[in-house]
Amino acid sequence: MTLHAASREALGLAEERLGEVLADAGADAATVGDELLSVVDLLDREIGLRRAVSDASASSEARTALVRGLFDGKLSEPALKVLDAVAGSRWSSPRELTDGLESLGRSALLTAAEKTGNVDTVESQLFQVARVVANHPELEAALSDLTGPADAKRTLVRGLFADKVDVVTETLVEQVVRRAKGRGVGVGLDKLVKLAAERRQRSVAYVTSANALTDEQVAQLGAKLDDIYGRPIALHVEVDPRLGGGLVVRVGDEVIDGSAAGQLAALRRRLARA
């Protein structure tokens, strides 16, 4: 997914909103994901609506009111709150809004898998489905055929995988098939595998400490990270005296460097630029 600056900012805000919504104990992440992807399908079909929701000449309040008017009472309130954030932000293009919404729907579904402890299973199943498609060119051709009826593709996917995979896996695969649009189903499935793997990776914090942490310190750090990321974070802790003090925490691509060595390096960089 390629997004320009405005869309990246909009997606960041929407992701924050999604995290807040899914952190609510009453929110059903799978339902939110399903509903957001259903809106993606609608926006794909309705070009005029897609343009209206992303119309930069309209106020954010007007765009949000449009979305509320369309979906109030039809979607859950958690999904509507995410759509408020999407419609209320400025996107670089209607297509990038739809792609961003697709990313949010996928993220919600993977959160659902995380909450049920199935994200490893979903990742493995997505990989297996991707390999089945890759090893059967005729199947990929059928699923990627832009002229093929959507219902026939859905029936084919369900016939092959429905009773063999988690419902989250099935939903994600069907969504890839619906939005292939010439990019190839195999490519889309491979991206999903990577996304699930990255998601699982982000649930692990790799902590490097200058000194050995006590059990109490590990528990306190774990609780703090749980609050920051809105989901359980497993800690893998190692000791590196070269840090000189403090610790470094890495969760996915994010690094929190509170070490003496890191602070000293940052000071040197600032002095070099002065």
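## Helices in the model

Helices are DSSP runs of H or I with at least four residues, and they are numbered from the N terminus. The structure described here is a predicted model.

One such run is helix α1, which covers residues 5-23 and contains both R17 and E20. These two residues are three positions apart, and are therefore separated by about one helical turn. Their side chains meet in a salt bridge, with a distance of 2.9 Å from N to O. R17 has a relative accessible area of 28% and is partly exposed. E20 is also partly exposed, at 48% relative accessibility.

## Packing of α4 and α5

Two packed helices are described by the angle between their axes and the distance between the axes. For helix α4 (residues 60-71) and helix α5 (residues 77-88), the axes come within 8 Å and cross at roughly 150 degrees. Angles over 145 degrees count as roughly antiparallel, and α4 and α5 are therefore roughly antiparallel to each other. Their crossing is right-handed.

On the α4 side, the contact is made by S60, R63, T64, V67, R68 and F71. On the α5 side, the contributing residues are E77, L80, K81, L83, D84, A87 and G88. Sorted by class, the contact of α4 with α5 has five nonpolar, three polar and five charged residues.

## Packing of α9 and α10

The axes of helix α9 (residues 150-161) and helix α10 (residues 167-178) come within 10 Å, and they cross at roughly 150 degrees. The crossing of α9 and α10 is right-handed. Helix α9 contributes K153, R154, V157 and R158 to the contact, while helix α10 contributes E170, V173, E174, V177 and R178. The residues of this contact divide into three nonpolar, no polar and six charged.

Two of the charged residues also pair with each other: E174 forms a salt bridge with R158, and the closest N and O atoms are 2.6 Å apart. This pair links distant parts of the chain, since E174 belongs to helix α10 and R158 to helix α9, 16 residues apart. E174 counts as buried at 8% relative accessibility, whereas R158 is partly exposed, with a relative accessible area of 42%.

## Salt bridges

The whole structure has 17 salt bridges. One of them joins the side chains of R179 and E102, at 3.0 Å from N to O. R179 lies in the loop between α10 and α11 (185-202) and E102 lies in helix α6 (residues 94-115), so the pair ties together parts that are 77 residues apart in sequence. Buried means under 20% relative accessible area. R179 is buried, with a relative accessible area of 3%, and E102 is buried, with a value of 8%.

V237 is found in strand β2, residues 234-239. Its relative accessible area is 37%, so V237 is partly exposed. Apart from neighbours within four places in sequence, V237 is in contact with V207 and L213. The C-alpha atoms of V237 and A205 are separated by 8.3 Å, although these residues are 32 residues apart along the chain.

D240 lies in the loop between β2 and β3 (247-251). At 17% relative accessibility, D240 counts as buried. When residues up to four places away in sequence are not counted, D240 touches T208, S209 and A210.

Methods:
Residues numbered from 1 in each chain as written. Predicted model: local features only at pLDDT ≥ 70, side-chain atom pairs only at ≥ 80, totals over all residues. Heavy atoms only, no water. Buried < 20%, exposed > 50% of the residue type's maximum accessible area, 1.4 Å probe, protein only. Contact = heavy atoms within 4.5 Å. Axes fitted to C-alpha atoms, helices over the stretch in contact; angles between N-to-C directions. Parallel < 35°, antiparallel > 145°, perpendicular 65-115°, else oblique. Left-handed = near helix turned anticlockwise from the far one by under 90°. Nonpolar A, V, L, I, M, F, W, Y, C, P; charged D, E, K, R; others polar. Salt bridge = Lys/Arg side-chain N within 4 Å of Asp/Glu carboxyl O.
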